[in-house]
Amino acid sequence: MPEIFAPAESIPSPSPDISSTTQPSLECSSLPSRMITRSVTGSLKPKQLSDFHLYHSTKHPLKAFHTIILPPEPTTFSQASKSQHWRDAITAEYNALISNGTWTLCPRPSHKHVIRNKWVYKLKQKSDGTIDRYKARLVAKSFEQQDGIDYTKTFSPVIKPATIRLILALAVHYDWIIWQLDVSNAFLHGQLTNEVFMEQPQGFVDSPQSDSVCRLHKSLCSLKQAPRAWFQRLSQVLLDLGFMGSTVDTSLFVFLQEAVRIYVLIYVDDIIVTSNKLTAISDLITKLQYEFSMKDLGPLSYFLGIQVHRNR
Amino acid sequence: MTGAKPYQSPCISGKKLSKFDGDPLPDSSLYRHIVGALQICTLTRPDIAFSVNQLCQFLHAHTTTHFTAAKRVLRYLKSTIEHGIYFSKGSLQLYGYCDSDWAGSPDDRHSTTGYGIFLGPCLIS
């Protein structure tokens, strides 16, 4: 398992024989007598508290320390189109966009400008560092969007850390099960309210209508309003299912009916569900899967770079 | 930092960071990267919250002293890498603790306030 820092046990602490010969002359020269300090004995190991648990992640922000060699990610379309892996990834993404009804082709508008787009390529790694899959994404060059014309509001709430800890504490106290969901292509589910036009993606230009542009209906990754559109869509679905938005944290949704309580935490496309009834969770997952394509990640184990271990 | 010596404490007790200590450093992006990463670590590591807050106050103009302090937090994390938050069963009583240092800043005499809120035995904020 690639770890950023070695665990405390494997840190080379000064071995006793070296410290007994060199360290005392340095460390203890100013001391009145040859006092046995911890630096002399070499016992620099931290005291380990038994009631603390390991929370170490591989998707850590400091993962630059990793030294796993991966094939380079292409930066341009011409580079990527040379490899079969990347070509497959691009086709898969394009098909997902088309089947989702993301855009329709229309003649180039004269009154509005058309934003360009780009394919970006990303190697997804498994937690042990090996290649999971090749992923291509079509992103709009959102810096070409103009405020007030192509987008108006962009704010999207995310969960507060204290709310996560509070819900975890409650779930532990009542011995509730904590379930994790992941929405695939979350941003593509958001409905656009503004009219946005985009050039046809590179490699998929429709030859008879090569001057046509795509009129976006669903939001696309990296559009400025994408997170907001997605959050509004998801919260609307939850509200329709009888959830109430918490007044304290807008990303927390609560379902209270008779004896059933469900808490839903939303961090963009990562969703945590906890409930006192196991059947309520599976019901909710079925209902949500009807609306979005979702991955059921099972009991909570890894969320926002935090690893969670449970012993019950 | 992979070869750094582990350290037993995230900061030196009793020593306050001031914006006038040490020599100014020209490139602040590394410092900001480190402090930003440390802020994410405070999600599960409330023990470094105070030290990271101190570091955050010098993001605009950090000096060698602040950089050393940031590295010290990293060294502390190295020595305590297996720590995290532990949630256990207990009461649902809410407990709050707070402390303030009454104009403790050596630069502008602003106060620093810290707090911890427990739901029974679990630290939540």
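Predicted model: local features only at pLDDT ≥ 70, side-chain atom pairs only at ≥ 80, totals over all residues.

Biologist: What pattern does the secondary structure of chain B follow along the sequence?

Modeller: Helices (H or I, at least four residues) and strands (E, at least two) are DSSP runs, numbered from the N terminus. Chain B has 3 helices and 3 strands. Read along the sequence, they give the pattern α-α-α-β-β-β.

Biologist: How are helices α1 and α2 of chain B oriented to each other, parallel or antiparallel?

Modeller: Two packed helices are described by the angle between their axes and the distance between the axes. Axes are lines fitted to C-alpha atoms, for helices over the stretch in contact, and angles run from 0 to 180 degrees between N-to-C directions. The axes of α1(B), residues 29-41, and α2(B), residues 49-56, come within 10 Å and cross at roughly 150°. Angles under 35 degrees count as roughly parallel, over 145 as roughly antiparallel, 65 to 115 as roughly perpendicular and the rest as oblique, so α1(B) and α2(B) are roughly antiparallel.

Biologist: Which residues of α2(B) does α1(B) meet?

Modeller: Two residues are in contact if their C-beta atoms, placed from the backbone, lie within 7 Å. On the side of α1(B), the residues are V35(B), L38(B) and Q39(B). Their counterparts in α2(B) are V52(B), L55(B) and C56(B).

Biologist: How many nonpolar residues does the contact of α1(B) with α2(B) have?

Modeller: Ala, Val, Leu, Ile, Met, Phe, Trp, Tyr, Cys and Pro count as nonpolar, Asp, Glu, Lys and Arg as charged, and the others, Gly among them, as polar. The contact has no charged residues and 1 polar residue, and the nonpolar ones number 5.

Biologist: At what angle do α2(B) and α3(B) cross?

Modeller: Helix α3(B) spans residues 64-79, and its axis comes within 10 Å of that of α2(B). The two helices are roughly antiparallel because of their crossing angle, which is roughly 155°.

Biologist: Which residues of α3(B) meet α2(B)?

Modeller: From α2(B), the residues S51(B), V52(B) and L55(B) take part. By class, this contact has 5 nonpolar, 2 polar and no charged residues. The residues of α3(B) are H66(B), A69(B), A70(B) and V73(B).

Biologist: Is F67(B) buried, exposed or partly exposed?

Modeller: F67(B) is found in helix α3 of chain B, and leaving aside neighbours within four places in sequence, F67(B) is in contact with L25(B), Y31(B) and H62(B). A residue is buried if 20 or more other C-beta atoms lie within 10 Å of its own, exposed if 12 or fewer, and partly exposed in between, with C-beta atoms placed from the backbone. F67(B) has 19 other C-beta atoms within 10 Å, so the class is partly exposed.

Biologist: What are the edge strands of the sheet in chain B?

Modeller: Two strands pair if DSSP finds at least two bridges between them. The open sheet has 3 strands in the order β1-β2-β3, with antiparallel pairing. β1(B) and β2(B), residues 113-119, pair over 7 bridges, with G96(B) and I117(B) as bridge partners. Each edge strand pairs on one side only, and these are β1(B) and β3(B).

Biologist: Why is strand β4 of chain A described as largely enclosed?

Modeller: β4(A) pairs in the antiparallel sense with β10(A) over 6 bridges and with β11(A) over 5 bridges. D182(A) stands opposite D270(A) in β10(A), and the bridge partner of D182(A) in β11(A) is K295(A). β4(A), residues 177-183, is largely enclosed by the rest of the structure because the buried residues number 5 of the 7.

Biologist: Which residue of β6(A) stands opposite F197(A)?

Modeller: An open sheet of 3 strands in chain A has the order β1-β6-β5, with antiparallel pairing. In this sheet, β5(A) is joined to β6(A), residues 213-218, by 4 bridges. The residue opposite F197(A) is R215(A).

Technical notes. Residues numbered from 1 in each chain as written. Chains lettered and ligands numbered in written order.
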